[in-house]
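Here is a short tour of a protein structure, written for someone just starting out. Have the 3D view open while you read, and look for each spot as it comes up.

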Protein chains: 2
Amino acid sequence: MNFQPQCPAPGAADDRIQMAHGGGGKMTQRLIDQVFLPAFSNSALDALHDGALLELTGNRLAFTTDSFVVNPLIFPGGNIGDLAVYGTANDLAMCGARPRYLSAGFILEEGLPMETLRLIVASMAEAAHRAGVTIVTGDTKVVDKGKGDGVFINTAGIGTVESPSPIGPHAVQPGDSIIVSGQLGAHGLAILSVREGLEFESPIVSDAAPLWPAIEALLAAGIDINCLRDLTRGGLASALNEIATARALPIRIEEDAIPVAEVVRGACGILGLDPLYVANEGVFVLFVPNSQTTHALEVMRQIPVSSAAVRIGAVEDGTRGSVILHTQIGGNRVVDMLSGEQLPRIC
Amino acid sequence: MNFQPQCPAPGAADDRIQMAHGGGGKMTQRLIDQVFLPAFSNSALDALHDGALLELTGNRLAFTTDSFVVNPLIFPGGNIGDLAVYGTANDLAMCGARPRYLSAGFILEEGLPMETLRLIVASMAEAAHRAGVTIVTGDTKVVDKGKGDGVFINTAGIGTVESPSPIGPHAVQPGDSIIVSGQLGAHGLAILSVREGLEFESPIVSDAAPLWPAIEALLAAGIDINCLRDLTRGGLASALNEIATARALPIRIEEDAIPVAEVVRGACGILGLDPLYVANEGVFVLFVPNSQTTHALEVMRQIPVSSAAVRIGAVEDGTRGSVILHTQIGGNRVVDMLSGEQLPRIC
């Protein structure tokens with residue numbers, strides 16, 4: 001580093017993102033050297049080539065991508081950085097694939113405090129460690145002030161498929177048990193509480209967490225996983241509707257059985273939200289043959305991320321995809337797909 | 001589709017991007033069904049799982065990512081869509097890898113005309129076909145008006161490495177010939193001419209194009225490719241500086257030999273730009289053993305994208321990484337790395 005007096009003081013030049021940090025020159029190099037590499041260092045990334053070279057010979061691969069635009073960037077229980085790691089790692093897990101490698105593409109807004117970027121990047125490194133993935137390639141772009149919103153992050157992920165049979169709506173059968181891995185709604189309400197300046201007696205903290213340990217345990221126990229879906233944007237209701245529609249089978253769930261924390265239920269009541277539609281970042285739904293329900297629950301309850309797993313319903317016989325909620329007062333109502341936008345920029 | 005009068009006319013609801021297009025509900029589904037799937041349809045994508053399942057058994061893989069924030073979205077010779085495909089496919093090619101699979105992550109600004117998105121997506125489909133890649137997984141987010149800039153696109157790519165030996169700065173040797181594949185500066189000037197409202201006698205058109213055909217031909221001819229770099233942000237000067245620094249060897253190039261179209265040279269003169277620093281999206285630099293120079297040039301000149309390939313210089317012996325330009329008037333000057341931001345949002 002050059003400390004000659006004719007240069008701007010390094011602190012002044014580097015404490016906020018400038019357009020030149022995206023120019024591919026010295027400033028970009030410094031951003032990579034000082035912020036990204038120290039956080040993500042590994043042999044594939046350190047090679048600093050245009051791409052990472054990976055050895056995955058003899059494996060079936062899963063490949064996925066997700067962009068993250070959550071607002072605010074930092075919220076109770078996490079920030080956009082760990083969300084970007086868990087979100088993509090979890091999409092791989094939902095394919096029955098062990099998350100292995102991530103790419104990270106940053107779109108930074110001019111003027112972003114470098115301190116915020118450092119915090120986010122540190123969270124990504126920690127989250128990658130927790131999720132067992134390696135960030136092997138990346139990219140940074142900078143857009144003019146007012147043309148972005150702090151930080152957007154895209155992650156793409158490669159995983160190795162460990163499920164012996166294909167997982168997906170096609171494999172769902174009438175009679176299958178439907179299990180959710182934990183309590184619904186915490187991520188969405190954590191975001192909303194910051195955005196709306198709400199305070200609750202006990203703070204609501206995002207559930208963002210890696211899901212692979214639960215899937216790995218289910219596979220190791222020999223459970224036949226027919227379908228998996230993480231309950232992000234659109235929540236449980238949207239995931240079940242997608243599966244019911246794709247398989248053209250009715251799904252029936254019991255309101256009594258659906259796990260929602262008291263504080264989340266209360267907050268949803270105040271805000272006029274239905275927890276069935278609220279986003280989660282560490283909860284999934286699992287479809288297994290009815291005969292394996294007890295075994296699957298036993299396995300899941302031993303893994304921290306799915307320790308609150310419960311059966312919430314079943315797939316019925318029929319020819320039309322729909323989701324029916326059997327309510328606490330004994331009625332039935334159709335749970336439709338979200339038709340508007342309930343919670344924008346939740347992930 | 002519902003034509004009941006109480007619903008908004010489908011044209012009215014769907015001719016611009018709304019926040020609900022990013023909500024994970026019906027509007028998101030419609031966007032996927034009506035815009036993305038028809039353009040990118042293939043079996044891996046059509047499965048509509050959280051990730052794409054790929055069979056690449058027994059291959060060495062390259063993995064890369066790039067976000068695209070080019071402004072304007074549409075420019076002479078291309079748009080952000082084909083740029084996003086070629087950019088990532090070319091990064092794979094620069095690893096000696098055949099581009100195979102792409103992911104596509106869209107960050108859309110509320111209010112974006114659907115027509116613009118359709119045009120961009122159609123270009124991506126055509127570019128993917130031209131580049132021999134399949135778009136197998138994707139994601140869409142929508143941000144509030146004023147928090148984005150029309151469309152940002154991230155693509156990540158997986159390729160299968162076909163180069164028998166590792167390509168990179170480490171393989172560069174003193175005496176290596178340095179070849180550029182075509183004329184410099186067209187992409188940068190095409191963008192700038194729209195942005196600044198400049199008109200030239202003959203319009204300057206972006207050079208964006210897939211580079212793999214040239215690399216494939218070089219590999220097929222048995223050329224020892226020591227190093228490859230596409231000349232995007234920061235141009236030839238930045239690429240050569242990175243390589244010289246990484247390998248700690250001096251590079252010498254001849255100003256006379258560097259190919260720049262007359263119209264680009266003229267425009268650079270008017271704008272005070274040095275074509276050595278201007279971004280390209282269809283030009284690369286190649287390092288080969290001196291003894292293979294003629295053969296490499298013969299091979300490249302038979303491939304359209306590299307038909308104007310020329311040798312521009314050589315790697316010299318030494319211990320310090322630097323790039324020296326031997327000028328037309330017989331002097332020498334150091335070509336340094338870009339230290340500010342010459343052309344923001346060029347890709």
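What follows goes from the overall confidence, through the chains and domains, down to single residues.

The predictor gives the complex an ipTM of 0.92 and a pTM of 0.92. For chain A, the mean pLDDT is 90, with 93% of the residues at 70 or more. Residues 1-12 of chain A are another story, with a pLDDT below 50. Beyond near neighbours in sequence, that stretch has three contacts in the model. Where pLDDT is low, the predicted coordinates should not be read in detail.

**Where the two chains meet**

Let's start with the contact between the chains, seen from chain B. Here 63 residues of chain B are in contact with 63 residues of chain A. On the chain B side, β1, β2, α4, β5, β6 and β7 each supply at least two residues. The largest share, eight residues, comes from β2(B). Sorted by class, the chain B side has 26 nonpolar, 24 polar and 13 charged residues.

Now zoom in on Thr65(B), which sits in strand β2 of chain B. Is Thr65(B) buried or exposed? Counting a residue as buried takes 20 or more other C-beta atoms within 10 Å; Thr65(B) has 26 of them, so it is buried. Its contacts reach across to chain A, including Ser103(A), Gly105(A) and Thr137(A). The C-alpha atoms of Thr65(B) and Ala89(B) are 9.5 Å apart, with 24 residues separating the two along the chain.

**Two domains in chain A**

Chain A splits into domain 1 (10-161) and domain 2 (169-334). Taken over C-alpha atoms, their centres are separated by 29 Å. The contact between them takes 21 residues from domain 1 and 21 residues from domain 2. On the domain 1 side, α4, β5 and α5 of chain A each supply at least two residues, and α4(A) gives the largest share with eight. That side has 11 nonpolar, six polar and four charged residues.

**Strands side by side**

| Strands in chain A | Bridges | Facing residues |
|---|---|---|
| β9(A) and β11(A) | four | Asp230(A) and Phe284(A) |
| β8(A) and β12(A) | four | Ile178(A) and Gly313(A) |
| β10(A) and β12(A) | three | Ile253(A) and Gly313(A) |

Notice that Gly313(A) in β12(A) stands opposite Ile178(A) and is also the bridge partner of Ile253(A).

In a regular strand the side chains alternate between the two faces of the sheet. You can see this in β9(A): Cys227(A) and Arg229(A) point one way, while Leu228(A) and Asp230(A) point the other way. All four are buried.

**A helix with a buried face**

Over in chain B, look at helix α7, residues 212-220. Which residues of α7(B) are buried? They are Trp212(B), Ala214(B), Ile215(B) and Leu218(B). Seen down the helix axis, these buried residues fall within an arc of 160°, so they line one face of α7(B). What covers them includes α4, β5, α5, β9 and α10 of chain B. Just after the helix, Gly222(B) takes a positive phi of about 80°.

Most residues other than glycine have a negative phi, and most peptide bonds are trans.

The peptide bond from Asn71(A) to Pro72(A) is cis, with omega near 5°. Pro72(A) lies in the loop between β2 and β3 of chain A. In chain B, a cis peptide bond joins Asn71(B) and Pro72(B), with omega about 5°, and Pro72(B) is found in the loop between β2 and β3 of chain B.

Then there is Arg345(A), with a positive phi near 50°. Arg345(A) is found in the segment after β14 of chain A, and it is buried because 22 other C-beta atoms lie within 10 Å. Ala248(B) also has a positive phi, about 55°, in the loop between α8 and β10 of chain B. With 13 other C-beta atoms within 10 Å, Ala248(B) is partly exposed.

Methods:
Residues numbered from 1 in each chain as written. Chains lettered and ligands numbered in written order. Buried ≥ 20, exposed ≤ 12 C-beta atoms within 10 Å, placed from the backbone. Arc of directions from axis to C-beta. Contact = placed C-beta atoms within 7 Å. Nonpolar A, V, L, I, M, F, W, Y, C, P; charged D, E, K, R; others polar. Domains from an automatic or database assignment. pLDDT = per-residue confidence, 0-100. Pairing = 2+ DSSP bridges. Lists of a residue's contacts leave out its neighbours within four places in sequence.
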